[in-house]
Amino acid sequence: FLPHLVASMEDVEVSYIMIKPDGVQRGLVGEIISRFEKKGFLLKGLKLFQCPKDLAEEHYKDLKDKSFFPKLIDYITSGPVVCMAWEGVGVVASARKLIGATNPLQAEPGTIRGDLAVQTGRNVVHGSDSPDNGQREIALWFKEGELCQWVSAQASWLRE
Ligand code: GDP
Ligand code: MG
């Protein structure tokens with residue numbers, strides 16, 4: 001562990017990024033992972049996972065009163081997802097920018113949803129909306145021992 005290569009710990013955030021079942025089915029896993037990898041964030045956890053209904057409901061509990069909630073739960077549990085934990089200074093807000101607007105038709109070209117999707121109900125990827133939710137969602141989707149503590153060989157070329 002090389003602490004001088006890591007930003008001061010209080011600035012480090014984690015974001016829970018998930019490739020939804022449509023992203024997996026459409027063969028976009030490599031493309032989507034690549035966007036975060038190339039940006040320079042640190043991958044701390046990664047797995048292909050069939051999400052049970054109760055976990056999907058817990059993850060999206062803030063939306064449980066929305067009319068689309070049952071469809072959303074069916075969608076997220078309809079096939080395997082790719083669960084990821086990405087770490088870095090500012091990763092939560094930056095990942096939201098890389099992902100783009102919730103409605104892919106409104107998402108800017110160059111974003112994941114802007115480039116790769118056409119409908120809100122099939123918007124290929126999830127990203128945490130706050131650092132607190134990043135922590136909460138990673139604790140929800142990953143078990144202890146599934147995250148790796150490591151320093152990338154690129155670290156000193158990504159941050160001065
Ligand atoms: P996000 O943070 O950009 O993913 O958007 P929200 O937190 O508002 O919603 C969570 C997810 O619910 C979205 O990514 C969509 O998959 C889904 N969703 C949101 N609004 C709608 C809607 O109006 N219709 C449908 N079918 N799904 C929606
Ligand atoms: Mg959200």
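Predicted model: local features only at pLDDT ≥ 70, side-chain atom pairs only at ≥ 80, totals over all residues.
Tutor: Helices (H or I, at least four residues) and strands (E, at least two) are DSSP runs, numbered from the N terminus. Residues are numbered from 1 along each chain as its sequence is written, and chains are lettered from A and ligands numbered from 1 in the order in which they are written. Local features need pLDDT of at least 70, side-chain atom pairs count only at pLDDT 80 or more, totals for chains, interfaces and linings use all residues, and side-chain values use heavy atoms, with hydrogens and water left out.

Student: Which residues around ligand 1 come nearest?

Tutor: A residue is near a molecule if one of its heavy atoms lies within 4 Å of it. Here 13 residues are around ligand 1, and Lys20, Arg96, Thr102, Arg113 and Asn123 come nearest.

Student: How do the residues of the shell divide into nonpolar, polar and charged?

Tutor: Ala, Val, Leu, Ile, Met, Phe, Trp, Tyr, Cys and Pro count as nonpolar, Asp, Glu, Lys and Arg as charged, and the others, Gly among them, as polar. In this shell, five are nonpolar, four polar and four charged.

Student: Which distance separates an oxygen atom of ligand 1 from an N or O atom in the side chain of Thr102?

Tutor: A polar contact with a ligand is a pair of N or O atoms within 3.5 Å. For Thr102 the distance is 2.5 Å; for the side chain of Arg96 an oxygen atom of ligand 1 is at 2.8 Å, and for that of Arg113 at 3.0 Å. Of the 550 Å² of accessible area that ligand 1 has on its own, the protein covers 73%, by the Shrake-Rupley method with a 1.4 Å probe.

Student: Where is His126, and is His126 buried or exposed?

Tutor: Buried means under 20% relative accessible area, exposed over 50%, partly exposed in between (1.4 Å probe, protein chains only). His126 lies in strand β4 and counts as buried, because its relative accessibility is 9%. The unreviewed UniProt entry places the feature "active site" at His126; such annotations may be inferred rather than shown by experiment.

Notes:
Polar contact = N/O pair within 3.5 Å; in protein donor to acceptor, adjacent residues only side chain to side chain.
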